[in-house]
Amino acid sequence: MDLTALRTFRVVARHEHISRAAAELRVAQPAVSRTIARLEAELGVPLFDRQGRSVRLNRYGSLFLRRVERALGELDDARRELADAAGLDQGRVVVAAETLLTLSSLLSAFRAAHPGVEIRLHQSTAEVMLRQLAAREVDYCVASQPLPGAGLRSVVLMEEDVLLAVPPGHRLAGRGSVGLADVMDEPFITTRPGHWQRALLDRLFAAAGRTPVVTCEGDEPAATQFMIGAGLGIGLIPQIARNESAEAPVHWLRLDVPGCRRTLSLVRRADTYVSEAERRFEEAAAAHFAGRGTPYGASTDSGRRHASPPPGEGSCRPPTP
């Protein structure tokens, strides 16, 4: 039983599909199938139930996967710890976020300060982030939705209001704030279920016993503001976008609904070794977002116009007393 076989098994178990696993591993599909077959023969039990080209992890495979992930995780931690101790390299940090624009300015500053650190990025929903953390595929997740589960450590980077953006000439453009009743029948531009904007929108409307009218949805939260500016509807945008973006044809209003906030957090596994590169990244992230949020109920200037895509995500939580 070698490490290549164990790593191959872990990837196949995650995808539950031989072809997708082969594509990620950059090897031929027959090679992956042979590796799994040899591993099963060595263990004396099948690890997957075959269903055509797809495979399903069975109860033996599930038991084995927990041990494999723990063993490979320990080996990865050992490698990074020894590299730190010997000064052999400057490390690597793997980060996931719902929109990579959240990280653009942070990474620019971090790369300038630590040019030797390798950065790898993933764009993921909250559900995918949890799987990536469980499989140790990422070191950090920049999350605007709660990532539940034992063994995770979360550090709050920023808290802020989530505002309502409307296009020029909209009937609400001249107002400073509106209630949920004012936008019940408005067409919303948002993301697909799983992303922060949709989670927030659905939660606000569900509290009022309604379902939002969604006229445009997609997988990139950063596109929302562009679609609003084009006059296709209205949408929810985090405060940081209004404060830090350039001019664009959208008007900002307060949505006067309790809990229309987002908390941006940095999440990692609590049981893994923290390399020097990861420690520096966490410190840089905390410093970068410090002081950028706004307290609940802070006044906003709805007459100003700002633009470009929002560099952060959002979620809904009750206001802090």
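Let me start with R56, which counts as partly exposed because its relative accessibility is 38%, where buried means under 20% relative accessible area, exposed over 50% and partly exposed in between, with a 1.4 Å probe and protein chains only. Please keep in mind that this is a predicted model, in which local features need pLDDT of at least 70, side-chain atom pairs count only at pLDDT 80 or more, and totals for chains, interfaces and linings use all residues. Residues are numbered from 1 along each chain as its sequence is written, and side-chain values use heavy atoms, with hydrogens and water left out.

R56 and H17 are 39 residues apart in sequence, and their C-alpha atoms lie 8.1 Å apart in space. Beyond its neighbours within four places in sequence, R56 is in contact, meaning heavy atoms within 4.5 Å, with E16, L47, F48, D49 and Q51.

Now to the aromatic rings. Rings of Phe, Tyr and Trp (its six-membered ring) pair if their centres lie within 6.5 Å, and planes under 30 degrees apart count as stacked, over 60 as edge-to-face and the rest as tilted. By this rule there are 5 aromatic pairs. One of them is the tilted pair of Y140 and F281, at 5.6 Å centre to centre with 40° between the planes. Y140 is buried, with a relative accessible area of 0%, and F281 also counts as buried, at 0% relative accessibility. The rings of F188 and F205 form an edge-to-face pair, because their planes stand at 85°, with centres 5.6 Å apart. F188 is buried at 1% relative accessibility, and F205 is buried with a relative accessible area of 1%. Finally, ring pairs link F9, F48 and F64 into a cluster.
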